[in-house]
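Please look over the structure below with this briefing beside it.

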Amino acid sequence: MNTRVLLLYQKPHFIFFPAYAMAADDLMSSQKSHRMRKSGPTMRKKSEIDKKKRGVADNKQPNPRAFSVRSVVKAKRLKIRAVEKEQRRIHLPTADRTYGEPPPFVVVVQGPPGVGKSLVIKSLVKHFTHQNVPEVRGPITIVQGKKKRIQFVECPNDINGMIDCAKVADLAILLIDGSYGFEMETFEFLNIMQVHGFPKVMGVLTHLDKFKDVKKLRKTKQRLKHRFWTEIYNGAKLFYLSGLIHGKYSQREVLNLSRFISVIKFHPLSWRTSHPYVLADRLEDVTPPEKVQMDKKCDRNITLYGYLRGCNLKKGMKVHIAGVGDYSLAGVTALPDPCPLPSAAKKKGLRDREKLFYAPMSGIGDLLYDKDAVYININDHLVQYSKTDEENGEPANKGRGKDVGEDLVKSLQNTKYSVDEKLDKTFINLFGKKTSASSERKLEADAQSSPEGSDAESSEESQSDDDVDDHEMDVDSNDGKIKEKTELRGGRLRRKAIFKDEVDDSDEDGDDDDEEAEDAESDGNEDEDGEDESVSDSQDSDEDDVEESEDKVLGNISKWKEPLKEKGRKKNPNLMQIVYGASASSATALINENNEISDDEDFFKPKGEHSKNLGGGLDAGHVNSEDCSKFVNYGNLKNWKEKEVCEDIRDRFTTGDWSKAALRNKNSVAGDEGEDDELYGDFEDLETGEKHNDHENMESGTNEDVEAAERRLKKLALRAKFDAQYPFLLECHHLTILSTISFADKSELEDEDNDNGDGINPRNSEAKEPGFVDKLKEELEIRKQMNLLELNDLDEDTRIEIEGFRTGTYLRLEIHNVPYEMVDFFDPCHPVLIGGIGFGEDSAGYMQARLKKHRWHKKVLKTRDPIIVSIGWRRYQTIPVYAIEDRNGRHRMLKYTPEHMHCLAMFWGPLVPPNTGFVAFQNLSSNQTGFRITATSVVLEYNHQTHIAKKIKLVGHPCKIKKNTAFIKDMFTSDLEIARFEGSSVRTVSGIRGQVKKAGKNMLDNNAQEGIARCTFEDQIKMSDIVFLRAWTPVEVPQFYNPLTTALQPRDKTWTGMKTFRELRSEHNIPIPVNKDSLYKPIERKTKKFNPLVIPKKLQAELPFASKPKNKPARKRPDLDARRAVVMEPEERKAHAVVQHYKLISKVKTNKKKAKEQEKRKAYEAEKAKKEVVSKKRNREERRERYRTEDKQKKKMRRGQD
Amino acid sequence: MGKTTYKRLKGSQSFRQRLLLATLSSTPIIIDEIRADDMITGLLRHEMSLLRLFESVSDDCVVEVNETGTRLKYKPGIIMGGKNLVHSCALTRSMGYYLEPLLVLGLFGKKPLSIRLKGVTDDPKDLSVDTVRNATLHILKRFGVPSEGLDLKIEARGVAPEGGGEVLLTVPNVQSLTAVQWVEEGMVKKIRGWTFSARVSSDFEHSMRFAARGVFNNLLPDVHIFNDHKSGPHAGKSPGYGISLVAETTAGCYISADTAVSCGRADETGEIDVERQERKPAEDTGVEIASWLLQEIEKGGVVDSTHQGLLFILCALCQQDVSKVRVGTLSPYGVETLRNLKEFLGVTFSFRPDPSTGTVILTCVGSGLINLSRKLS
């Protein structure tokens, strides 16, 4: 209010007296005028607002000259550096050959024991599915989002489990005990992962509630974070779980963790994209029980279940089961997905129903789909009427009386015997519950099958592992279509629901392998067939599950298309059968014959042809037909000189009608289309439909087919990109997408016209020209779309035949003749990894690798000490020989690996492709202190032989010397050996070079011993010379490799293989052998006695006098000078006497002085010794005191920590 | 390493492919009953020679043949390749027989292959070296084989029965082959031909050329047939002449036909081959081959019937992408190839006949074979 008043007051003042005011201004010039503010925060704000008003963009740098180019050279360098940095960031794009739904991503939770791995998994599972997992055993698959599934795996605490986990992990969550710090396991695991292709890694700190001091906590966090970063990369995600609340991690933190997990993007790893692999989440022993009864240790047949990952799996592929060995697959079947992604519908998030999870080893998850049966597990608390209640004897009537239906059901539950058997015993009594139960019991007692015992067993086990105790659910068996089969497996009572029409099939499967393979091929069809046969059955309510599963298998193809497909298949002019023989679906009559042939594994030909065609000729069916690629038959050549005949192929030449020629290709595709129409009736695929349109369009432009096709593919690639960006659209409405795509295509086409097909992405084209990498990416995308296009045209059977099982399918792998130990010692906590073996990877050979001792491993590695390597899918023990490459390309053997350098390692083992990494261990035991990884390495190449050499020095002595020739003994042991070394160079210690010529036997006396070589030297050598020959001798690498069979023994036992020398010596108490020659001894040299120099007389005569030896004969008597007596003068004598006296005096003096000094020193020493004793005593006291206090403190701290 | 498990096969049929595919997929094989009931039992000379060739190109391979030659045990080694290799082929078959598997084998070696083959260069049974040089190598290039280092140099001609020819083959090695989509046949834009005569008058060549060109007169003006008259040491040891025609289309397909005429070679039993006895005049040969070429063109497909096998093998060896090729009527050799591919590499093709043109479109997913023996640089 005040200001306003003031203004009102001021205004008139100015208005009314303007002239006066001006005058006043002029008059009072000395007064300072108002200066606008030019700086400060208010002014800055004002000016910004002002600028915004005026619409001026503010992009002025604070100091524009600061970044101007000062020096051209420097600028150039900077630019180069920037570009190089950019290039280094770029990775070569890899082709993604996974089509369709991806398998669940494997999240491995790893950490040292007691860090809270299971709790993290439990919390995450609880968060995602709202289910409690009693115990984490084996992989747990959950549906995490609409497009994403996750498989949690807990990494066991031993190194074998860690290796297997590292090989399958897509994301590794490393749990670290924050209160303790990093442990070796974490770093070991990191190193293993790095070698086997580095998956994504996330660290999680736990046990942070141990810290009382906030500052200390912060410091620790920071320290650990930085240590983590140095190991992985700066900015690697380290997550903190602050502590437990009611024995659980806090919900908020789990939520955050789950978000981090869900946003992580996985990139393909080269080994895995080229090898199929399955992480089994279920293992069944399907050996015939009678066989097991006969011999408990017989080889077993097992089935393994899991999602196929990596790349497509073809039928005949061999597999490696980690820790067991190599096996060929006896059967592969695609099963309906037990944990499918939700059906596409436009909605946000998941419904509760769709939050499925599947963990058969943990004993949770409701349904198990087998090849021919569905297992239903029902939780105790979900089923009210359970058999245990009955067996306990207390009726489960909770307050209310039981109704008749329940009784009926219960009695049915207890049916252990078929109706016939029961009728035999005449115990049938449906309604009297008690009696029926008793009758059952009697029967059981009779049969001695002791199902009760097994029940008890199962209940015991279920108590121990908190497993779900299965109980028989009522199955409506009104028309006898479904049978029940109860079996005890893996400590659980499980019931198999067998559908009657499939019983026969399963029986046949057991008999006939061929047929089984066929079944495997056409699982989906089998389902269809079954449905067609029994339409009425499919309406049965109890087959709902199966139907659902079928729906999932068929995917988009809805039911109404099935008859069409069926029809199409029949009509198919089956060239495939002609070529590959009528093996498959038809011709059961042929099977017998095939069986006969199958032992010699010939082609799929009916046997009749074999006998018929023995005559000869060019028939393809003949086993001994001539191998000739040309198929010449000049007899029926047309007369091409005639014009009419030529007219037929006129259009195949450029001189012909081009439009007709173009039509030829068109027609063919159109023909295909027609065929397709026949195949599928009026069903038209999205792609084909569009293709058709495309071709119609293309016909207008005559001969631009290639470009048109290219454009079409580009469009497809674009669409794929689009789909990737807006996935939900694809799912909800194909129509809308079609329109959007056509829009996109149009814009794209326009773009292309403008840019001459350069820019694909409009954004890209306007930004900059697409680089090399973009082009590569685009090519790969086009390739992928082409593949999809081609594969989608095929029906499901042929597709599997051609492509193999696609990644992401849930497979049942049957493997025969596995050692019984695998089943006996099966531990669900350890991952079961089944990896496919590529061509040539099952044969063994020598591999050359670039190896480096791990910097944390204390000792260097010794040549020929066995190491355990984990390479590809395998783990095995092998004996390496280390070497280094010399300048001239020679591989010189090394006795020990260098400390901080790479060296070569050659070893024998199953081959892997070059560029495969591996990691080496020496000790697998868990109680070993220190770092267990001894070396990391990468395979360079493989070979059938190694070219390692080591130095050898042959030493010899001359036994006879001629002019420049000498005969050398002791160097070789035989003449044969000399022949081997003919022409090689030798040398004496004095440096005279020479050459080995030949065995010198005939040159010497005939009775000379063997092994004397004739050598020539550049000068005459002496008898005292030592001659040596330096040579290289090849070193053999032992052909030894021993696969680790860790799955065939109790998991807590340490696998022991070949022992090192050191271990053997210490075990047997053998001292290290000492080569006496290698010991250092004091050098004893005889003093050399030289003979007197004799100068020949002739030479002497020519020498100048100065150089002439002056020959003085030795004197017998001393000469005159020495003999002469000296007589002194009296003065002289006096002087001499005086000098002598002085000398004497000084001598006596010094002697006295010396004695005195010595005395003094002695006294000093004594004093010093005394002092020393005292100070020593004091020091000891002090030290004792200090240690005592320190120890006390430590103890206190330790107590505090515990 | 446990016992090696051998794949057991029977008979001498498609011997080359079995060896080739066994080597590439490193599958040890045992072939039984090789011509057990025939007059001449066991492996023939050229088959032994092929085994020798495989031995010289690869390292550490084990070949065991029993006394009668009816049983062969082959354990493949590592394909080495290398320079300055020399192999003298058995004269019972011409070089085309050896070159066909060798071309593919060389691609997957440790080092680029450079080998000198000596023997019969041309005969009517197998591909002539001219055809290999001018058509087959182009097919390889289609699969991503670099064109530098891929060459066949004909240094001397030699025809049956004495041979004496010499060629120098160089094949680069590859990491893997790229899949192809090759259904476009295109139109024939030019026809090239190569005739040769060794130890005979060049008149034979001229008459062949003249006759062959006469056939094409109605269809195409762009026909050129080169002649190659050899004499002296370059002409080999036996007289003969031959022709090879290659039609190139606008889509880059090469359709070929060839033959050679020479004295018949004595069979192992001592009889002279019957069909070889009746030699036609040079003009007739020219007309015949030209007509044969036109017949091949009429059949359609991106390659001629002779190259079908090679095409299928290459498709099957590609990366794990879809290959799609169009061929004319499947030749017996092609069908055999398809069976062998399924047996060894597990690659199955799907077929879609194209009734309007009488061709077949074959689709397959490559086996993803990579060159394992190449050293990591």
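Between chain B and chain A of this predicted model, 34 residue pairs are in polar contact, both residues being at pLDDT 80 or more; a polar contact is a pair of N or O atoms within 3.5 Å, where within protein one must be able to donate a hydrogen and the other to accept it, and residues adjacent in sequence count only if both atoms are side-chain atoms. Helix 9 (residues 332-345) of chain B gives 11 residues, the largest share of the side of chain B that touches chain A.

**Interface**
- There are 11 salt bridges between chain B and chain A, each a side-chain nitrogen of Lys or Arg within 4 Å of a carboxyl oxygen of Asp or Glu.
- A salt bridge joins the side chains of A:E626 and B:R93, at 3.5 Å from N to O.

**Sheet in chain A**
- Seven strands of chain A form an open sheet in the order 6-5-4-1-3-2-14, with mixed pairing; strands (E, at least two residues) and helices (H or I, at least four) are DSSP runs numbered from the N terminus, and two strands pair if DSSP finds at least two bridges between them.
- Strand 6 (238-240) and strand 14 (357-358) of chain A each have a single partner strand at the edges, so one side of each lacks a neighbour in the sheet.
- Strand 2 (residues 140-143) and strand 14 of chain A run antiparallel and are joined by two bridges, with A:T141 opposite A:Y358.

**Basis**
- Residues are numbered from 1 along each chain as its sequence is written, and chains are lettered from A in the order in which they are written.
- Local features need pLDDT of at least 70, side-chain atom pairs count only at pLDDT 80 or more, and totals for chains, interfaces and linings use all residues, while side-chain values use heavy atoms, leaving out hydrogens and water.
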